[in-house]
Amino acid sequence: MGASKTEHFTEKQNQIATIMKALGHPARVAIIEYLLEVNACICGDIVNELPLSQPTVSQHLKELKNAGLIKGNIEGNSICYCIDENVFSILKSYFSNIVLTVNEKRCC
């Protein structure tokens, strides 16, 4: 079975995988941490916080937005990004279930 055969997995499994893939780069983790710290910002502010070029930061923002982790609103010639609470609620629920299951089951 090829890794691209996502139709063989549930919608929830595909959703979690998409979110995790978006979080699989340290620059994206840094962007999320920055947005949590300031609660909202424009793209230029993010570029000033990371050792990356504007186009690279924009690509990371696009990946985070496509995964639903952040949302953006156009304000003048800038885009104001913030955390999408709904997706983080999904992650919280997912990891809470894992922690509960691991704590209940003792194997190895």
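Modeller: Start with helix 1, residues 11–22; a helix here is a DSSP run of H or I with at least four residues, numbered from the N terminus. The model is predicted, so local features need pLDDT of at least 70 and side-chain atom pairs 80 or more, while totals for chains, interfaces and linings use all residues. Residues are numbered from 1 along each chain as its sequence is written, and side-chain values use heavy atoms, leaving out hydrogens and water.

Colleague: Which residues of helix 1 are buried?

Modeller: Ile16, Ile19 and Ala22. Buried means under 20% relative accessible area, exposed over 50% and partly exposed in between, with a 1.4 Å probe and protein chains only.

Colleague: What makes you say that they line one face of helix 1?

Modeller: Down the axis, the buried residues fall within an arc of 125 degrees, so they line one face; the arc is taken from the directions from the axis to the C-beta atoms. They pack against helix 2 (26–38), helix 4 (54–66) and helix 5, where contact means heavy atoms within 4.5 Å.

Colleague: Why is Glu104 called exposed?

Modeller: Glu104, in helix 5, has a relative accessible area of 64%. The cut-off is over 50%, so Glu104 counts as exposed.

Note on methods
Helix = DSSP H or I, 4+ residues; strand = E, 2+ residues; numbered from the N terminus. Expected span 1.5 Å × (residues − 1).
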